[in-house]
Amino acid sequence: MSLNSASLIDPHVQSRLILDETIKILKAERGFLFLSEAPGKPPRLAVGRDAQRNELAPQTTYSSTVVEQVGKSGNPVIISGTEQGELLGAESVVINDLRSIMATPLAIADRPCGVLYVDSRIAKGLFKNDDFKLLQALANHIALSLETARAAENELKRQT
């Protein structure tokens with residue numbers, strides 16, 4: 001993943017590639033990357049992908065409650081079933097029959113910049129603690145890669 005993403009400057013292309021690899025590694029059904037436009041602003045959907053590497057429409061259902069909670073608190077979340085989602089007050093988990101969810105914040109130098117989210121409607125309890133640690137490591141890599149891509153893109157614009 002590092003080698004492939006390092007050669008890309010376009011943050012959107014890089015986001016799709018990284019999200020595809022994250023979904024594959026974690027055996028998730030879908031993945032979403034949410035980015036914050038400015039500190040204190042809620043993260044907005046940047047890209048959504050499925051396990052077949054298809055781009056998901058912006059209105060695709062996911063647990064917006066989980067994304068908001070992770071974005072506000074800066075704390076990661078793992079949900080192993082709709083019952084647990086219901087207990088957390090995440091109505092969208094129940095409505096959309098999401099059986100497994102993991103979400104973790106993206107941060108650069110302790111500055112929140114988004115949320116990495118994966119889910120599955122197929123299997124309950126799909127994600128384990130080791131997967132959770134891996135998601136957090138991938139989120140760190142994504143944040144750094146996106147920041148590097150943005151800096152390179154800004155430098156190219158400045159030179160032209």
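Begin by selecting K128, which is exposed, with a relative accessible area of 51%; here exposed means over 50% relative accessible area, buried under 20%, and partly exposed in between, using a 1.4 Å probe and protein chains only. K128 sits in the loop between β5 and α6 (129-159), where helices (H or I, at least four residues) and strands (E, at least two) are DSSP runs numbered from the N terminus.

Residues are numbered from 1 along each chain as its sequence is written, and side-chain values use heavy atoms, with hydrogens and water left out.

Next, select D130, which is found in helix α6 and is exposed, with a relative accessible area of 60%. D130 and L26 are 104 residues apart in sequence, yet 9.9 Å apart in space from C-alpha to C-alpha.

Then show the whole protein chain, whose secondary structure comes to 6 helices and 5 strands, and follow the elements from the N terminus in the order α-α-β-β-α-β-α-α-β-β-α. Of the 160 residues in the protein chain, 43% are buried.

If you colour the protein chain by pLDDT, the predictor's confidence in each residue from 0 to 100, the average is 80, and 81% of the residues score at least 70. Select residues 1-8, where the pLDDT is below 50, and where the model has 18 contacts beyond near neighbours in sequence, a contact being heavy atoms within 4.5 Å. Where pLDDT is low, the predicted coordinates should not be read in detail.

Which residues lie nearest the centre of the largest pocket? Select S36, K41, G71, K72 and P112, which belong to a lining of 19 residues. The elements giving two or more residues to this lining are α3 (64-73), β4 (100-108) and β5 (111-120), and α3 supplies the largest share, 5 residues.

Note on methods: 1 Å grid on protein atoms, 1.4 Å probe; cavity = no way out; pocket = protein on both sides within 12 Å on 5 of 7 lines; lining within 4 Å.
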